[in-house]
Amino acid sequence: DCSVMEIHGTSEDAPLNVDLELLDSCVCIAKMPLGDVPAVFHELLRLLFFTADECERFLHASLLNGVLSLIAAADELAPLSSQLHIDAEEWRVVRVSEGKAMGSQSMGVVERITARLAAANVPVLYVSTFSLDYVLIPVHALDRAMMSLGRTAADIGGVSACTPSACSPAHADVLPHASVVERMRDSAPVWHTHTLCVFDRSPTQTVRVAIGSRHCHTGALLRLLFLPRADDPEHALRAFTQTPEEISITCGT
């Protein structure tokens, strides 16, 4: 069960005060109905549990409302393409950290980053893990996004390691850096009324699994994500995120 409510908020021009690091890989977003999972179950297990522990890998899988959503490199999603709907947009992954604060304990980081990106007309996806946050930025908008954050791609990890593929949409709406800064400085606070669905009857928690011990927990993770027993509690949300630092699991308590 969930409660639907409207959240009113403002975006402020507060100091960024975060460390940003650009990962090497590009990722794509895909989804499939849970009912289609058996057709590609072997390939899905290989993707989640039986791949090399690449140091720069970013992989996210979530199960919600009967849909499996995946964020991974295009070549990793290819073996599941017979059942997946894969969006053509390609995204770069930026690691966000704030000193010693863990991702779940940082305050105001999402607003400070997304307010600037929204002012620059940059769409984003935001993923929080046990230890850190990650912001996903479309490849075509990376330079514009970095300018709006007061960075360049070289500042946070070098020149873009991938370029838009032939299937990625073309974009030419890049705003000059001065325009972005002027808009953020002179614009009044923006009020929004986004409808959010809050699972208030399904408390969740996030736990951490060390990368090196992933295979020790494969059975438990497989049971949690895809093969629950009859007496297992129901979970409103199940999510698996592998990053260079760890594996984060979000699920019901």
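Exposed, for this talk, means over 50% relative accessible area. By that cut-off asparagine 65 counts as exposed, because its relative accessibility is 67%. Keep that residue in mind. One caution before going on: this is a predicted model.

First, the overall picture. The protein chain has 6 helices and 12 strands. Of its 253 residues, 40% are buried. Its accessible surface comes to about 13,100 Å², and carbon and sulfur atoms hold 56% of that. Now contacts. Take those in the protein chain between residues at least 6 apart in sequence: 80% of them join residues at least 24 apart.

The largest nonpolar core has 30 residues. Which of them touch the most other members? Leu44, Leu48, Leu68, Leu70, Phe226 and Phe240 do. At least two residues come from each of β2, α1, β3, β4, α6 and β12. Helix α1 gives the largest share, with 5 residues. Both domains take part: domain 1, residues 18–162, and domain 2, residues 204–252, each supply at least three residues.

Look at leucine 48 in detail. Set aside its neighbours within four places in sequence. Leucine 48 then contacts Leu59, Ala61, Arg214, Leu225, Phe226, Phe240 and Gln242. Another core, of 17 residues, lies apart from the largest one. Its members include Leu20, Val94, Ala120 and Val135.

On to the rings. How many aromatic pairs does the structure hold? There are 4. One of them joins phenylalanine 49 and phenylalanine 50. That pair is edge-to-face, with 6.4 Å centre to centre and 75 degrees between the planes. Phenylalanine 49 counts as buried, because its relative accessibility is 0%. Ring pairs also tie Phe49, Phe50 and Phe240 into a cluster. Recall that Phe240 was named among the core residues with the most contacts to other members.

A second pair to look at is phenylalanine 58 with tyrosine 134. Their ring centres are 5.3 Å apart and their planes meet at 55 degrees, so this pair is tilted. Are they buried or exposed? Both phenylalanine 58 and tyrosine 134 are buried.

Now helix α3, residues 109–119. Its buried residues are Val109, Arg112, Ile113, Ala115, Arg116, Leu117 and Ala119. Why does spacing matter when reading such a list? An α-helix has 3.6 residues a turn, so residues three or four places apart point the same way. Note that two arginines, Arg112 and Arg116, are on the buried list.

That leads to backbone angles. Most residues other than glycine have a negative phi. Asparagine 121 lies in the loop between α3 and β7. Its relative accessible area is 45%, so asparagine 121 is partly exposed.

Back to asparagine 65. Its phi is near 55 degrees, again positive and again not in a glycine. Asparagine 65 is in the loop between β3 and β4.

Last stop: aspartate 24, in strand β2. At 47% relative accessibility, aspartate 24 counts as partly exposed. Its C-alpha atom is 8.6 Å from that of arginine 57, 33 residues away along the chain.

Note on methods: Residues are numbered from 1 along each chain as its sequence is written. This is a predicted model: local features need pLDDT of at least 70, side-chain atom pairs count only at pLDDT 80 or more; totals for chains, interfaces and linings use all residues. Side-chain values use heavy atoms; hydrogens and water are left out. Helices (H or I, at least four residues) and strands (E, at least two) are DSSP runs, numbered from the N terminus. Buried means under 20% relative accessible area, exposed over 50%, partly exposed in between (1.4 Å probe, protein chains only). A nonpolar core is a set of buried Ala, Val, Leu, Ile, Met, Phe, Trp, Tyr and Cys residues joined through side-chain atoms within 4.5 Å. Domain bounds come from an automatic or database domain assignment. Contact means heavy atoms within 4.5 Å. Rings of Phe, Tyr and Trp (its six-membered ring) pair if their centres lie within 6.5 Å; planes under 30 degrees apart count as stacked, over 60 as edge-to-face and the rest as tilted. Accessible areas come from the Shrake-Rupley method with a 1.4 Å probe; for residues, only the protein chains shown count as cover.
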